[in-house]
Amino acid sequence: MALERTLSIIKPDAVASGHTGDIVARFEKNGVKIIAMRMLKMSRSQAEGFYAVHRTRPFFNDLVAFMTSGPVVAMILEGENMILKNRDLMGATDSKKAAPGTIRADFGTDVEKNAVHGSDSPETAAVETAYFFTACELNA
Ligand code: GDP
């Protein structure tokens with residue numbers, strides 16, 4: 001298995017409900033190494049750029065409004081098979097359908113307010129980590 005890096009975002013719902021620490025702890029308890037972390041509030045254009053792949057979807061405007069509604073915590077996670085491992089720890093997109101014990105089941109609400117983002121492929125992980133962090137900001 002390859003050592004991989006992926007982007008994780010603790011979304012505004014989970015930051016606002018006070019679950020930042022729980023989610024960071026969930027990663028650390030599962031052996032995930034966090035090599036960069038920053039709290040920020042995305043601008044509308046930053047959120048639109050980040051989710052550009054979804055711009056034709058009916059929920060795009062709602063998604064951008066949600067992601068700019070408050071601060072988020074962006075992180076780069078590193079580990080073996082990290083992209084898929086993070087998706088497993090996160091659970092399914094819809095928090096109501098996510099498997100018990102996953103981050104989205106435990107800290108999300110529905111298909112939109114689902115607590116965390118995680119890159120879904122090596123290609124998106126490369127683009128998304130660079131969207132939030134420069135090479136100089138990686139503690140690795
Ligand atoms: P993910 O990779 O599991 O995050 O899922 P997607 O890439 O399909 O969707 C990106 C994000 O858009 C999700 O994490 C949700 O926050 C939001 N989203 C997905 N589907 C819906 C939907 O049907 N309605 C709304 N309002 N938001 C959605």
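I started with Tyr-131, which lies in helix H7; helices here are DSSP runs of H or I with at least four residues, strands are runs of E with at least two, and both are numbered from the N terminus. Before going on, I noted that this is a predicted model, where local features need pLDDT of at least 70, side-chain atom pairs count only at pLDDT 80 or more, and totals for chains, interfaces and linings use all residues. Residues are numbered from 1 along each chain as its sequence is written, and side-chain values use heavy atoms, with hydrogens and water left out.

**Tyr-131.** Leaving out residues up to four places away in sequence, I found Tyr-131 touching Ser-45, Gln-46, Gly-49 and Phe-50 (contact: heavy atoms within 4.5 Å). A polar atom of the Tyr-131 side chain sits 3.2 Å from the backbone nitrogen of Phe-50. A polar contact is a pair of N or O atoms within 3.5 Å; within protein, one must be able to donate a hydrogen and the other to accept it, and residues adjacent in sequence count only if both atoms are side-chain atoms.

**Helix H7.** I then looked at the whole of H7, residues 122-132, and found Ala-125, Glu-128, Thr-129 and Phe-132 buried. They sit on the same side of H7 because they cover an arc of only 100 degrees around the axis, taken from the directions from the helix axis to the C-beta atoms. On the face turned away from that side I found Glu-123, Val-127 and Ala-130 exposed. What do the buried residues of H7 pack against? My list includes strand S1 (3-10), helix H3 (44-50) and helix H5 (82-90).

**Ala-47.** Next I checked Ala-47, in helix H3. Ala-47 has a relative accessible area of 0%, so I put it down as buried. Among the residues Ala-47 touches is Val-64, not counting those up to four places away in sequence.

**Ligand.** Last, I listed what surrounds the ligand, including Lys-11, His-54, Arg-104 and Asn-114 (a heavy atom within 4 Å). A ligand oxygen atom is 2.8 Å from a side-chain N or O atom of Asn-114. The protein covers 80% of the 550 Å² of accessible area that the ligand has on its own (Shrake-Rupley method, 1.4 Å probe; for residues, only the protein chains shown count as cover).

Note on methods
Buried means under 20% relative accessible area, exposed over 50%, partly exposed in between (1.4 Å probe, protein chains only).
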